Amino acid sequence: MNPCAPVSACRCCGGGRLESVLDMGDMPLANDFHNGEARPRFPLHLLVCQDCWHGQLSVAVPGEALFRHYAYLSGGSRTFRDHCRQLVAAALGLVSVPGGRPAVLDIACNDGTLLSLFRDAGCDVMGVEPARNLKRYTDRLGMPVVNAFWGTDAALALGRKFDVITAQNVLAHVPDPGDFLAGCAACLNAGGVVLVEFPYSLEMVTRNEFDTVYHEHLSYFSVNSFARLVGRSPFHIADVTRLSVHGGSLRFTLRKGPGPHTPAVGDLLQDEQDAGMFRLSTYREFRERVGASRTQFRALVAGLRAVGEKMIGYGASAKGVTMLNHFDVELDYVVDDTELKQGRLIPGRTIPVVGPEVLRREPGRLNIVVLAWNWLAEIRERVRSLRGDRDNLLLYVPGVYCCDLAPREGVTA
Ligand SMILES: [Zn+2]
């Protein structure tokens with residue numbers, strides 16, 4: 001693949017009427033933590049298909065550059081582990097396996113968090129994961145994991161079949177989602193289910209979650225656009241559920257062949273119609289709101305800096321990295337629990353990443369930008385446990401606002 005292959009046809013429906021939504025210019029890769037050396041930048045430009053309304057990036061950075069070394073560990077969040085427990089219960093309620101030991105494949109299994117829960121529930125588990133650096137985590141848990149990018153070739157190479165296939169937050173990462181589903185079909189047992197989760201584009205657009213747009217996310221699915229993709233695959237949509245995880249996601253249940261679907265599918269299509277997801281003006285308004293947030297946030301940072309306030313970030317998430325670069329702001333440092341990120345610099349910035357123990361040593365009151373805003377409740381609890389109630393939390397999604405641990409005069413967003 002060309003280092004930056006431009007998209008000419010919609011990844012879901014194959015149509016060619018792609019329209020610009022949000023062009024952030026050349027941006028660093030959101031997980032490319034560095035030590036001060038020059039790093040590459042790539043165009044970050046969100047388009048929408050005017051036929052199926054699928055959101056997608058204008059160019060695809062090769063997966064080798066994005067996913068062979070991956071700094072995001074899914075098990076780092078307690079909220080996410082709880083979400084995985086719920087997924088295991090839902091999946092095992094959907095299949096009936098003679099002998100009672102379902103075979104489970106988790107695609108892009110990351111650090112093995114979900115797989116270990118399936119194993120604890122008595123399943124025969126296997127994972128596939130392209131990031132080589134995550135192997136030590138899955139080895140520690142004793143998980144059998146194949147190092148590969150998913151698709152038909154990887155599926156056939158496994159040489160076995162499964163009753164449950166899970167794919168959390170990976171389908172939006174792949175350049176050919178049709179081949180991804182074909183791979184699932186190739187290794188699914190009769191009566192088996194595929195459970196696919198990804199962020200919901202309706203949430204992104206209506207809640208101004210512009211910072212979920214980064215190079216790893218090639219696709220921004222709605223029910224409408226995903227249904228078009230599934231319609232070109234060996235599957236049908238049996239069910240869909242809205243989830244609160246990752247700022248608002250969808251979980252689809254797919255089964256092979258034609259078949260019925262639950263009323264939830266039609267209900268969500270109606271929600272999308274009502275939210276204006278099938279007209280261009282909605283996407284233009286989204287772009288305007290993001291521009292207004294940028295202006296407001298930069299003014300807030302400048303105001304706090306002018307009076308000598310310290311500004312830090314919490315959570316060196318890909319979302320936060322995207323915001324810091326698109327809004328073009330510097331912070332004193334960013335706190336993150338992930339050892340892989342500590343001691344390095346935020347992609348595209350000169351902001352160091354430090355461990356949470358630094359917060360214990362900070363005197364006075366801090367302005368803490370919640371960069372991993374999808375984990376707000378956890379972060380607030382963590383800051384409280386380390387420092388009490390003296391700090392201010394600042395958020396920028398869905399708009400710029402202060403979420404005070406303790407009320408404070410004179411600082412409004
Ligand atoms: Zn399309």
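Predicted model: local features only at pLDDT ≥ 70, side-chain atom pairs only at ≥ 80, totals over all residues.
Figure 1. Strands of a sheet pair through backbone hydrogen bonds, either parallel or antiparallel.

**Figure 2. Helix H10 and the residue glycine 308 that follows.** The 27 residues of H10 should span 39 Å at 1.5 Å a residue, and the end C-alpha atoms of the helix lie 40 Å apart, which agrees with that expectation. The buried residues of H10 are Leu280, Thr282, Tyr283, Phe286, Val290, Ser293, Phe297, Leu300, Val301 and Leu304. After H10 comes glycine 308, which has a positive phi, near 75°.

**Figure 3. The salt bridge between glutamate 362 and lysine 310.** Glutamate 362 and lysine 310 form a salt bridge in which the closest N and O atoms are 2.9 Å apart. Because glutamate 362 belongs to the loop between helix H12 (358–361) and strand S17 (367–370), while lysine 310 belongs to the loop between helix H10 (280–306) and strand S14 (311–314), the pair ties together parts that are 52 residues apart in sequence.

Figure 4. The side chains of aspartate 328 and arginine 349 meet in a salt bridge, at 3.1 Å from N to O. This pair links distant parts of the chain, since aspartate 328 lies in the loop between helix H11 (318–326) and strand S15 (334–335) and arginine 349 in the loop between S15 and strand S16 (353–354), 21 residues apart. Aspartate 328 counts as partly exposed at 40% relative accessibility, while arginine 349, at 10%, counts as buried. Both residues belong to a network of salt bridges that links Arg298, Asp328, Glu330 and Arg349.

**Figure 5. The salt bridge between aspartate 337 and arginine 382.** Aspartate 337 forms a salt bridge with arginine 382, and the closest N and O atoms of the pair are 2.8 Å apart. Here too distant parts of the chain are linked, with aspartate 337 in the loop between S15 and S16 and arginine 382 in helix H13 (residues 376–387), 45 residues apart. Aspartate 337 counts as partly exposed at 42% relative accessibility, and arginine 382 is also partly exposed, with a relative accessible area of 31%. The structure as a whole holds 18 salt bridges. Side chains of opposite charge can pair when their charged atoms come close.

**Figure 6. The second largest pocket and its lining.** The second largest pocket has a volume of about 240 Å³. It is lined by 16 residues, of which Asn31, Asp32, Arg39, Ala65 and His69 are the closest to the centre of the pocket. By class, the lining of this pocket divides into 8 nonpolar, 3 polar and 5 charged residues.

**Figure 7. The largest cavity.** A search of the whole structure finds 4 cavities of 30 Å³ or more, and the largest cavity has a volume of about 90 Å³. Among the 12 residues that line the largest cavity, those closest to its centre are Pro199, Tyr200, Met204, Thr212 and Tyr220. The lining of the largest cavity has 6 nonpolar, 5 polar and 1 charged residues.

**Figure 8. The second largest cavity.** The second largest cavity has a volume of about 60 Å³, and its lining is formed by Val21, Leu46, Leu47, Val48, Trp53, Gly55, Ser201, Met204, Val205, Tyr220 and Tyr283. Strand S3 (41–49) and helix H7 (201–206) are the elements that give two or more residues to this lining. By class, the lining of the second largest cavity has 9 nonpolar and 2 polar residues, and no charged residues.

Notes. Residues numbered from 1 in each chain as written. Heavy atoms only, no water. 1 Å grid on protein atoms, 1.4 Å probe; cavity = no way out; pocket = protein on both sides within 12 Å on 5 of 7 lines; lining within 4 Å. Points joined across faces, edges and corners; volume = space filled by probe spheres on them. Nonpolar A, V, L, I, M, F, W, Y, C, P; charged D, E, K, R; others polar. Salt bridge = Lys/Arg side-chain N within 4 Å of Asp/Glu carboxyl O. Helix = DSSP H or I, 4+ residues; strand = E, 2+ residues; numbered from the N terminus. Buried < 20%, exposed > 50% of the residue type's maximum accessible area, 1.4 Å probe, protein only. Expected span 1.5 Å × (residues − 1).
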